[in-house]
Every structure is written in C-alpha cells, then in structure tokens.
Amino acid sequence: MSKKKVKKFYLVKGFKDILPEDQLHWEFVRSKFFNVARSYGYDRIDLPILEDSKLFVKGVGNLTDVVSKEMFTFETLGNEKVSLRPEGTTGTVRAYIEHGMVNRKKPVKMFYMGPMFRYDKPQAGRYRQFYQFGLEVFAEEDPIIDSQMIYMTYQLFDELKIPVVIKINSIGCPKCREKFLKTLKDYLKKNKSKLCKDCQIRYNKNILRVLDCKEKKCREIVLEAPQILDHLCDDCNKHFVKVLEYLEDSQINYELDPFIVRGLDYYNRTTFEVLPTEEFCGGDSGSQNALAGGGRYDYLVKNLGGQSTPAIGMAFGMDRIVNALKKVKDLELSNINTSDVFVAQLGDKARKKVLVLFEKLRRAGFSISESISKTSLGQQLEEANRLKTRLALIIGEKELLDKTVLIRDMESGNQEVVPENKIESVLELRLKSLDISVKKVRMR
RNA sequence: GUGGCUAUAGUUUAGCGGUAGAACAGCGGGUUGUGGUCCCGUUAGUCUGGGUUCGACUCCCAGUAGCUACCCCA
C-alpha cells in the first residue's frame, strides 16, 4: 500500500461553506426578514454581484477602507474593470437611477439579500464573503421613516429573540459637518501629541474616525471633545429631534451614541448601529459584534447621477445574526426536513410499487419521505425513526398480493392493514386524529 | 496590513523522544417482515517542508491554515 498523499484543495481564505446542519438557522433568519420586510411594504430587488468598479469608488468613496483596500477588483477578458460588490446600497441606487424609479410611487421601498465581498483579514464574525440583508427607502425625507426603520429593526430582533441595543446618532449634513469638523480640529490640535499613532493619521485623513478610536488615551481626549450633536444646523437638528420624538414611549432599547460615525462616505444625518446586549453576549462579546447598521444617504442618488433624492437604508449582517441565533436558548425551529409519512418496502416488486406510490402521495400533498435504496426493513424504519416520522407505510410481498398496505404508528407500534385504494383517506384520518395538519405545504 | 495563540480520525479530544488511545458520528452484524435502547465488529488520524536525534506525532525553525486582538465593518 503506497501512502501517497493526495493534495487537498482548500477553501479560499475567508470563504466558507454553509453546511446542511446550519441551514435551519439560515432559513429561519431569511424567512423572518422576508416577512417583516414585506409587511412593511418593501419589495425585493436582486442585483448583480459584479459591478463597475467606478460605481463603488464614486458611491462609497475612494478614501474609505472598504473601497481603498478591501475590494475584490479585477479586469474581465474584455478589459472592463469590475468589483465584487462590497455592500448593497450603491448597487440599489444604481438600479434606482438606471430604471427611472424616480417616476414610481413614493416612497420607493426595496430589500435585497445576498453575498457581499470584502478583502479583509478574516476573524470571528468577519468573512471575505458574507451575507447581507438590506433595506432601502428612496424619495422620503420625513424623519418618521428613520424612526420606523429603527422600529422595524427592533421588531425583527425581537422575533429572532436576540436582545439588542440600537445606538443612534446624527452626523448632520455637509454644511453643519464642515463647521463641526473645524471645531473638532481646533480642539484636537491642542491634544494632537497625546493621540495614538493611528489617530495622528486620522487627524489628517478622516478626523471623524478619531471619535470612535478604542485606545484609552484617545477616548479620554474624545470624551471632552465637542460633539456633532451640539453643532447640527437647524434643519438637521429638527430632523433628529423628530426621529427621537417618534421613538419616545416605544419599547425600543436605544441609546444616543455620539460616536457612531459610519465608515462609508455617503451617510448623513441619522446613523445607527445594532449591537447585541452585553448580558446576551456574556463575556465573549467579540469585537465584530455589530449585527446591523445604516443611516441616511440623502446625497448619494444625486452624486451617482440621479435627481436629488433623499434616502435611507440599512444592512443586516446575516452571518453574525445566525451566529447570535445559535446562542438563543428557547429557539424553536420548524424542521423542514421532517415528514409525517414514511414509505418502506420489501422485495424488488414492492420497491417498484413504492417508487410510484411515493410520487402519488407526494403529489396528493402529504409530507412524505423514503429510503428506497435500502433493502432491509430494519434500516428503513431506522431512517423513519431518525426523521421522526410519525407514520410508516410498509409494503412487502404479502401486501402486494392482497393489494393492501400496512400502516405503522411509529410511536405506539400499532399497525393496521388497509386496502390499497383507501390509503390516502385513511392516512388523512390518522394524521388528523394525531393532530397533525394534513397536506401541509412545506414552508420555503 | 500589524501582533498573539493553536494545529492528532468526519467531529470533540487523550498521550508519549521508541507500539497513537478514546468518545461521538459513519459503516457492518446480533435482528435479511419491524425502528429508538443494548451488545459485538469495523473504517478513519499526528497540516507541509526543513533541522536536532540512533530514532520526532512529541523538541527547534520556516511555511500554510484556523482562531483571536488591533484596524475596519455587517
């Protein structure tokens, strides 16, 4: 025996498989998203994974980390420079403009779901291909939309049984931000030498980011720093006050957090992030714990060549949410892989019969399963047991001759012989008496 | 991109400078016309490449991968 080693093929770094055993959780999250989005009047849109690189450079901003060092960018055979989308908002805006959605009934509400790609160093809760669910509302400036989105988010996590806190801030409009940046710069100038190395760089490059530096010495300085909330212009201030007003008296667990600065250039006014509560995380919070985030982007549509259109949107990190969901204790996932009836066979003729019977019952709407490649009855019933199937149909030589079917209750072990032509009605009766809804349609 | 930690069957893991052991899962059987429990059998492993050594899974170095902190973000 030669011990030749076959070279293994590894997953590409930062990419992962979502295995069958994880699909219940994913399915659960997806279906909650769909339900909530649809009930709030959002329509689905599916966008390409590949877009013109320029779109992201212009939309997200070429100074952002996401665009400047985290994009999968390459040239096609036709020399087009394209990128795997790092986020969903920009593409949605492109579609909004490209399909003349300005002319649609306002507001235009859409949701999307799919993989995003960022060339980041992978670690807990961070992958190079990850999945986002996103909501976008176009052509509505009213602050109640901001509040409703936060409201919706809270409902969603409530249904998922993941306790969260929503951190809210307003970063104003370009006008008030400009003024604020000056004030901030003046303040930090005095303390510049005390800031960490990174912040020295940020001071010149993106001074806002100094505000959410985690270094102790920076935090101390930042605590005393002027806050954008105190420097909003009248309009922005009014808008934000309204947003908060609408949230008053709600059950929503939210906090004002003046340090929520988003990393994408297009944001303005209301911004927010969703974090699991500390009690829920226990000790191992991990630093990649933002489950969702978003905000207004009132200038993006115009910036990408459309008419000036106010807009707001947010994205949910599905991988992280699924991860959090696994920590939820009293979670009841309806197993889409279970069935009510199992068909077993013995002998080649019976097998052939079952091949057809299975299809007949399936079409009649029964939730049914089989293990037709197995020959021993023991193995088949074992499978029925594993699938937690309540009833099993058994067909062997004897039943073939008599034109009957044996129905076995897997829990009590009781068996009854039923004429072949009455299978469906008897099955229906038995299931009903077991309080199992008959002809259930598999949830997708 | 900068640090830290780790690497043994599919999974979780034990171990020793000289034969790598278990549990779970899988497969087969006890029981080819009756599942769960139980019993028996069985498949399968030291990340890769160097070095030290009579001998390395063990010690050293490098690579790779995973985890993790920073960064960034979802």
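Q: In this predicted model, is I436 buried, exposed or partly exposed, and why?
A: The general idea is to count the C-beta atoms that lie within 10 Å of a residue's own, where 20 or more make it buried and 12 or fewer make it exposed. Here I436 has 14 C-beta neighbours inside 10 Å, and therefore it counts as partly exposed.

Q: Where along the chain is I436 found, and which residues does I436 touch, leaving aside those up to four places away in sequence?
A: I436 is found in the segment that comes after α16 (423-433), and, with residues up to four places away in sequence left out, I436 touches D340, R390 and L431.

Q: How is chain A divided into domains?
A: Chain A has domain 1 (20-172 + 252-325), domain 2 (174-232) and domain 3 (341-433), and the C-alpha centres of domain 2 and domain 3 are 71 Å apart.

Q: In what order do the strands of the open sheet of three strands stand?
A: The order is β2-β4-β3, and the pairing is antiparallel. The edge strands, each of which pairs on one side only, are β2 (50-52) and β3 (73-75), and neighbouring strands of this sheet are turned against each other by 40 degrees on average, direction ignored.

Q: How many bridges join β2 to β4, and which strands does helix α2 lie across?
A: Three bridges join β2 to the antiparallel strand β4 (residues 81-84), and L50 stands opposite L84 in β4. Helix α2 (residues 53-61) lies across β2, β3 and β4, and runs at about 75 degrees to β2.

Notes. Residues numbered from 1 in each chain as written. Chains lettered and ligands numbered in written order. Predicted model: local features only at pLDDT ≥ 70, side-chain atom pairs only at ≥ 80, totals over all residues. Domains from an automatic or database assignment. Helix = DSSP H or I, 4+ residues; strand = E, 2+ residues; numbered from the N terminus. Contact = placed C-beta atoms within 7 Å. Pairing = 2+ DSSP bridges. Axes fitted to C-alpha atoms, helices over the stretch in contact; angles between N-to-C directions.
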